[in-house]
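Here are some notes to read alongside the model. Have it open as you go through the points.

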Number of protein chains: 2
Amino acid sequence: MAKKGALLPGSAELLVLSLLGEGEMYGYQISEELRRRSDETFVMRAGTLYPILHGLEQQGRVESFEKEGDTPGRPRRYYRITRAGRAALEERRQEWRRLSAAVNAVLGEAFARAPLAEGGRC
Amino acid sequence: MAKKGALLPGSAELLVLSLLGEGEMYGYQISEELRRRSDETFVMRAGTLYPILHGLEQQGRVESFEKEGDTPGRPRRYYRITRAGRAALEERRQEWRRLSAAVNAVLGEAFARAPLAEGGRC
DNA sequence: ACTAATATATAGATAATCTATATAAAAAGC
DNA sequence: GCTTTTTATATAGATTATCTATATATTAGT
């Protein structure tokens, strides 16, 4: 693993895109939501998150805008997934399924994931 | 992901230890077995594998020996997991379960893995 | 003879993630 | 009133896992 990091290496962009796939969010909200949903397992710090968001924006996978006025405190920069971002998300999602299934296959563990399209009940 | 790599980043040591947990093997055999079991998904090249094996040996998690005589061709260096290696394997295995479950939780996909110890039949 | 497959090994490049640091405003505690 | 914590965004630099490239050597197939 990348040091003793709090993330599963390689999954950072997938996780961020996945959350944004459900609706626009600002940076801090993303990291909190990630922490909550993963049951404290993923603690993506600012130094990891913001470079990822900036990178995704440069690649045209998300777009950002500041929401002024109504929100108190420091102005928040919201991020919204683009059409290209959705395509990238779907690709990464499939890649994740493929790779995690392959790890499980090597570990020789009972299959986890219901094969999605094939007939196995279970 | 680490470049466009053929591995799921962070999983290399787990995969190697896991195979060695089933019996002693030599390097080339490990990479072939990995390729086979993962259905061509994981292609761990020599430049990745051998540094990992040497590292594991330095940490006392595997021990190696050359088998001479009976095998034709270049002599093979076999690797065997140690007691400490088994402990490390179990740790990494659990870590993998924890992290992959957390990714799936964030992705919001139906749960995959039968909870292993909790009452689910399946 | 030449090529491909088997077999091990190391050096250097690349990139993902982490730590540390900086800034700033609001809320909460004392 | 003052301090600390939480919210909020951002960048620079360090670390390290993995990849590519390269080197060497033997055997099998064409």
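1. Let's begin with what covers the buried residues of α3(B): the cover includes α1 (12-20), α2 (27-37), β2 and β3 of chain B. Contact here means heavy atoms within 4.5 Å. Helices (H or I, at least four residues) and strands (E, at least two) are DSSP runs, numbered from the N terminus.

2. Some housekeeping: this is a predicted model, where local features need pLDDT of at least 70, side-chain atom pairs count only at pLDDT 80 or more, and totals for chains, interfaces and linings use all residues. Residues are numbered from 1 along each chain as its sequence is written, chains are lettered from A and ligands numbered from 1 in the order in which they are written, and side-chain values use heavy atoms, with hydrogens and water left out.

3. Which residues of α3(B) are buried? They are Leu49(B), Ile52(B), Leu53(B), Gly55(B) and Leu56(B). Buried means under 20% relative accessible area, exposed over 50%, and partly exposed in between (1.4 Å probe, protein chains only). Looking down the axis of α3(B), the buried residues fall within an arc of 165°, so they line one face of the helix. That arc is taken from the directions from the helix axis to the C-beta atoms. On the face turned away from the buried side you'll find the exposed residues Gly47(B) and Gln58(B). Just after α3(B), Gly60(B) has a positive phi of about 75°.

4. Now the sheet in chain B: three strands make an open sheet in the order β1-β3-β2, with antiparallel pairing. β1 (25-26) and β2 (62-67) of chain B are at the edges with a single partner strand each, so one side of each has no neighbour in the sheet. Strands count as paired if DSSP finds at least two bridges between them. Two bridges join β1(B) to β3 (residues 76-81) of chain B, and Met25(B) has Tyr79(B) as its bridge partner. Helix α3 (residues 46-58) of chain B packs on this sheet, touching β2 and β3, and its direction makes about 115° with that of β2(B). Angles run from 0 to 180 degrees between N-to-C directions, with axes fitted to C-alpha atoms, for helices over the stretch in contact.

5. Arg98(B) is partly exposed, at 43% relative accessible area. Its side chain makes a polar contact with the side chain of Thr41(A) (3.4 Å). A polar contact is a pair of N or O atoms within 3.5 Å; within protein, one must be able to donate a hydrogen and the other to accept it, and residues adjacent in sequence count only if both atoms are side-chain atoms.
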